[in-house]
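Please examine the structure shown below before reading the numbered points.

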Amino acid sequence: ADANEKRDWRIYCDFAQVLINKARKLYAGDDFGLQLDETVYALDASTIDLCRSLFPWARFRSTKSGIKLHTLLDLRGNIPSFVSITDAKTHDVNILDELLPEPGSIYVMDRAYLDFERLHHMHTDLAYFILRAKSNTQLRRLYSAPVDRSTGVICDQTVRLVVEKSANAFPDKLRRVKYLDPETGKRFAFLTNNFTLEAIIIAELYRCRWQVELFFKWIKQHLRIKSFFGISESAVKTQIWIAISVYVLVAIMKKRLQLEQSLYTILQILSIALFEKTPILRALTD
């Protein structure tokens, strides 16, 4: 705890970025279930609750503290390409100001990121976005494209924003795809600036967003990120970046050794073989 308090957390942040670059190159040719040439990212945030008395610097509410982990996940290999750690009060949508959109890439997001001014910046940077529409988003239909309802797609429409403030923030046309999930019976309405992909692909891409939820679950449960060894801001950030580094190291090892086990299984094996003098490949294949 003393060492983590004095040591600069940015050492581990920079190290994680080096590993992320290596991992993304290894997984660049992977398929994530959809035959697409574009790079697809899932963006989301997760709050990590902290004890109010021990972490007063991370004040969240009157009774507890907390920090927020914002992650942009490259769906090829589920590698975090961008991570930002903020106080828990920071709204998810503010993180769009820190992103540098890659032209031609697709960003899949939840309703929390529905900010038309920020989305228009992404649009003018020639990046695509897919996100759920809020129920109170007022849109005017210009025309509809034919759809195959057997796929679950209800409609595929070209629309414009109605409310003046929103229309000024995003003056271009948008595409609205409504989808009925056959498994749950839930209806979804997606907004995107991509007019070339099939409507069902838009819905499937949003389903892939669940991978970022699994990433948060994996990090919290399997890398013991919920209990910290130090209580200072530097100690907490150090431990989070170390956890991310471990995740990416395991992903690199899985690819280089051509292992079929899941990341979770590999980590479980490593945890019980940690102090044994056994070659890694033998420990994972026996």
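In what order do the nine strands of the open sheet lie?

1. The model is predicted, so that local features need pLDDT of at least 70 and side-chain atom pairs count only at pLDDT 80 or more, while totals for chains, interfaces and linings use all residues. Residues are numbered from 1 along each chain as its sequence is written, and side-chain values use heavy atoms, with hydrogens and water left out.

2. The order is β3-β2-β1-β4-β5-β9-β8-β7-β6, with mixed pairing. Strands (E, at least two residues) and helices (H or I, at least four residues) are DSSP runs numbered from the N terminus; two strands pair if DSSP finds at least two bridges between them. At the edges, β3 (79–87) and β6 (139–145) each pair on one side only. From one strand to the next, the twist averages 25°; angles run from 0 to 180 degrees between N-to-C directions, and axes are lines fitted to C-alpha atoms, for helices over the stretch in contact.

3. Strands β4 (residues 106–109) and β5 (residues 128–132) run parallel and are joined by four bridges. Tyr-107 has Phe-129 of β5 as its bridge partner.

4. Helix α3 (residues 116–124) lies across β4, β5, β7, β8 and β9, at about 150° to β5. Helix α7 (residues 233–256) packs on the sheet and touches β1, β2 and β3, where contact means heavy atoms within 4.5 Å. The direction of α7 makes about 170° with that of β3.
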